[in-house]
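Hi everyone, thanks for making time this morning. Let me put the model up on the screen, and then we can walk through it together.

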Amino acid sequence: MRPVTATATAVTTILGVGATAVAAGRYASDVALKATPGRPLPADRRLTVHATAAGQVTLTRSFSALRPGTYGLSGPGVHAVVGPVVEGASQAADTVVRRLESVGRGLLEPGAKVRLTPALYDGDPSADLGLDHQEVAIPGELGALPAWYVPGARDTWVITVHGLGTTRAHPMNLMGFLHEQSFPVLDLAHRGDPGAPRPADGLGHFGASEWRDLDAALRWALRHGARNVIVHGWSTGATMALYAAVESPLRDRISGLVLDSPVLDWQVTLRALAAARGVPAVLLPLAVRAAQGRTGMNAAPLLETSAPASLRTPTLILHGPDDTIAPWAASRELAARRPDVVSLHAVPQAPHASMWNAGPARYEETLRRFLTPLM
């Protein structure tokens, strides 16, 4: 082969390999960055309904079906609420019986394919909880952001922010509790959510840009009667809360943070999501590089930025060692670094963003103790 031809062939091969790597990285990053709000997380395994009886439902036996606590049960055309495993019920080797609390939509019939999810409800505060609410539009950076506003007597408000795999229906788990404490609640839908503007690149940024929607909600709350605001976020919503507490011009009006399963290292979470959805391990480094190039996100985990040192807001973290999407070691490290403002409440046997579900009464008592001095 002539030297010029050999060189051209080699260059073409290199370019071909490079283009393939870029395409593979883009595909792998799409799996995590283009997750549809409400799409089940990898831990939410599909189950089959085997039977129903008065106050009971029999499901395929699996680790997820055996989780302690209270969960939503969601499938095509159906949404229900299930409680703990029924002790003493006749359990076959391949099934598990859980308490059936309610069926909010559709019919729960044998053969139905369902998933356990952290969201107990899929309607709105009035329909599902009997709470008077207003649908409001918050002027955001990209356009109007839908939100539910539930009035309360206090001038300290709670802004709730959902995260990965859920919608603004998820914070309704806590709305009844917060309403009993007389807090006004503003439940935010942020960019990429149903009814909200889409980001220009069509990608999620793990809270790094979405926090500006929370900042818009903070401004709206202060213009409409809030003196101070407590932000309660789950997953990437918790990351948004942390960003707001250190970056927002109005951060001094944030009197408390509640971070449930915060995503503190987006690269770890991206790898976990991509791997759980079938991306081969060899492509995971390409996925991270592609995600950074496409979004401009800082490669450093939040713990390696100035955020921990800049945090001045009393913060409660609720997280657990069984979270495979946002490993809790980072939460434990943040609490160890800043014991002056951060307290960590460990929740065992709870998947990502399901700390309340694993033990609602324990969660709410921990939250009540944290909120009382901030009321």
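So, strands β9 and β10 pair in the parallel sense, over 4 bridges. A word on terms: strands (E, at least two residues) and helices (H or I, at least four) are DSSP runs numbered from the N terminus, and two strands pair if DSSP finds at least two bridges between them. In this pairing, V158 stands opposite V185 in β10. β9 also pairs with β11, again in the parallel sense, over 6 bridges, and there I159 stands opposite V231.

Before I go on, the ground rules: this is a predicted model, where local features need pLDDT of at least 70 and side-chain atom pairs count only at pLDDT 80 or more, while totals for chains, interfaces and linings use all residues. Residues are numbered from 1 along each chain as its sequence is written, and side-chain values use heavy atoms, with hydrogens and water left out.

Back to β9. Is this strand enclosed or open? 6 of the 6 residues of β9 are buried, so the strand is largely enclosed by the rest of the structure. For us, buried means under 20% relative accessible area, exposed means over 50%, and partly exposed is in between, with a 1.4 Å probe and protein chains only. Both faces of β9 are covered, with T156, V158 and T160 on one side and W157, I159 and V161 on the other.

Now follow the chain onward. β9, helix α3 (residues 172-180) and β10 make a right-handed β-α-β unit. Right-handed here means that, with the strands pointing away from the viewer, the path from the first strand over the helix to the second runs clockwise. On α3, the buried residues are M172, N173, L174, M175, F177 and L178. After α3 comes S182, with a positive phi near 70°, although S182 is not a glycine. S182 is found in the loop between α3 and β10 and, at 27% relative accessibility, counts as partly exposed.

Next, the cores. By nonpolar core I mean a set of buried Ala, Val, Leu, Ile, Met, Phe, Trp, Tyr and Cys residues joined through side-chain atoms within 4.5 Å. The largest one has 43 residues, and those with the most contacts inside it are I138, I159, L186 and L257. Helix α4 (residues 211-223) gives the most to this core, with 8 residues. Apart from it lies another core, of 30 residues, among them F183, V347, A353 and L367. As general background, nonpolar side chains tend to be buried together in soluble globular proteins.

What does I138 touch? Leaving out residues up to four places away in sequence, its partners include L186, L188, A216, A217 and W220, with contact meaning heavy atoms within 4.5 Å.

On to charges. Take a salt bridge as a side-chain nitrogen of Lys or Arg within 4 Å of a carboxyl oxygen of Asp or Glu; by this rule the count comes to 12. In one of them, E141 pairs with R191, and the closest N and O atoms are 2.8 Å apart. E141 lies in the loop between β7 (134-139) and β8 (144-150) and R191 in the loop between β10 (185-188) and α4, so the pair ties together parts that are 50 residues apart in sequence. E141 is partly exposed at 47% relative accessibility, while R191 is buried at 9%.

Another salt bridge joins D340 and R338, at 2.8 Å from N to O. D340 is exposed at 57%, whereas R338 is buried at 11%. Salt bridges that share partners also join E141, R191, R212 and D213 into one network.

Last stop: H352, found in the loop between β14 (342-346) and α10 (355-358). H352 is buried, at 5% relative accessibility. Its side chain makes a polar contact with the side chain of S235, at 2.7 Å. A polar contact is a pair of N or O atoms within 3.5 Å; within protein, one must be able to donate a hydrogen and the other to accept it, and residues adjacent in sequence count only if both atoms are side-chain atoms. S235 lies in the loop between β11 and α5 (236-247), and has a positive phi of about 60° although it is not a glycine. At 0% relative accessibility, S235 is buried too. Around H352, the residues touched include L41, L164, S261 and D323.

That's my tour, and I'm happy to take questions!
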